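Colleague: I would like to learn how to read aromatic pairs and sheets in a model. Please take them in turn.

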Amino acid sequence: MSSVGILYSPRYLEHDAGPGHQESPQRLVAVWDHLQETGLLAQLKRLNPVSHKEAWIETLYNRQYIQRVQAACERGERFMDTPDTGIGPKSFEVACLAVDGVLTLVDAVIEGKVGCGFGLLRPPGHHAERGLALGFCLFNNVGIAARYAQQHHGLKRVAIVDWDVHHGNGTQHAFEEDPTVFYASTHQWLLYPGTGPREEQGKGNVLNIPLAPGSGDEEIVRVFQDEIIPALDQFQPEMVLISAGFDAHRNDPLAYLQVTEEGFRRMTELVVAAARRHASGRIVSVLEGGYHRPSLARSVEAHLAALMA
């Protein structure tokens, strides 16, 4: 059984996206309470975010944008750049803490403190562009983690697997010209943000797999078996990062895929096997979407159980 870490801080609840916003602190509360009730939490190694230099955010974001986010939060503005990206007075601090959390996980995995790890954190990140907040996202946690793994820990090849139901436009645009980072995304077509067609392949390091509405476990597991895992085998990553959105679940209110907890478990098992072949099992998984709270909690449970197996 692999040693699996879970990173969480109550401060992640302090990001306020606004009344009635889908990206609610209660998402994390639902997952944490469920893991406690099932007893799974007791089997995980708990990690707390450790402060890292803010300069790591600048590996993907220009200083002007970072300052804009900070100033907007301090002024008490209610959204950043687009109406769907709600913010509150503490959102900048919490977004920086989310980055700290993912970098803490990278450290823990590479230093052998845990075999792999999951970040139960918010706000999510994979939509944020270099100078633009989008889709609930301020900073791309997973993207910054990829750069950190390379520049701080010296890894040559990092893979990002994104199974959030929405395409990670920010992640693709950050790395599509960089063949040292492989990006694979499954996403409902043409759901927000309307990006990620198959034709966009970067430097051969981008694999977009749009799925038709109604696709479920069978379809998504098949594309992992037939396309994503062979691509990972060819790339031979030294670490695998997962943008673990669970909004492809059949109960999710923001999309129309039909994935179940079993689908997320099987996808995780396939990625774990590939990571063990090429990356000594090193996986850092980070929460992205997932807005039906009971289904989110059960899906995270299935994901963690597969990481532990």
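Modeller: What follows covers the aromatic pairs, then the sheet. This is a predicted model, where local features need pLDDT of at least 70 and side-chain atom pairs pLDDT 80 or more, while totals for chains, interfaces and linings use all residues. Numbering starts from 1 along each chain as its sequence is written, and side-chain values use heavy atoms, without hydrogens and water.

Colleague: How many aromatic pairs does a search of the whole structure find?

Modeller: In general, two values describe such a pair: the distance of the ring centres and the angle of the planes. Here the search finds 11. Rings of Phe, Tyr and Trp (its six-membered ring) pair with centres within 6.5 Å; planes under 30 degrees apart are stacked, over 60 edge-to-face, the rest tilted. Trp163 and Phe264 make a tilted pair, 6.4 Å centre to centre with 45° between the planes.

Colleague: Which parts does the pair of Trp163 and Phe264 tie together?

Modeller: Trp163 is in the loop between strand S4 (158-162) and helix H5 (169-175), and Phe264 is in helix H7 (residues 261-278), so the pair ties together parts 101 residues apart in sequence. Helices (H or I, at least four residues) and strands (E, at least two) are DSSP runs, numbered from the N terminus. Trp163 is buried at 1% relative accessibility, and Phe264 is buried at 0%. Buried means under 20% relative accessible area, exposed over 50%, partly exposed in between (1.4 Å probe, protein chains only).

Colleague: In what order do the strands form the sheet?

Modeller: Strands of a sheet pair through backbone hydrogen bonds, parallel or antiparallel. Here 8 strands form an open, parallel sheet in the order S2-S1-S3-S8-S7-S4-S5-S6. Pairing requires at least two DSSP bridges between two strands.
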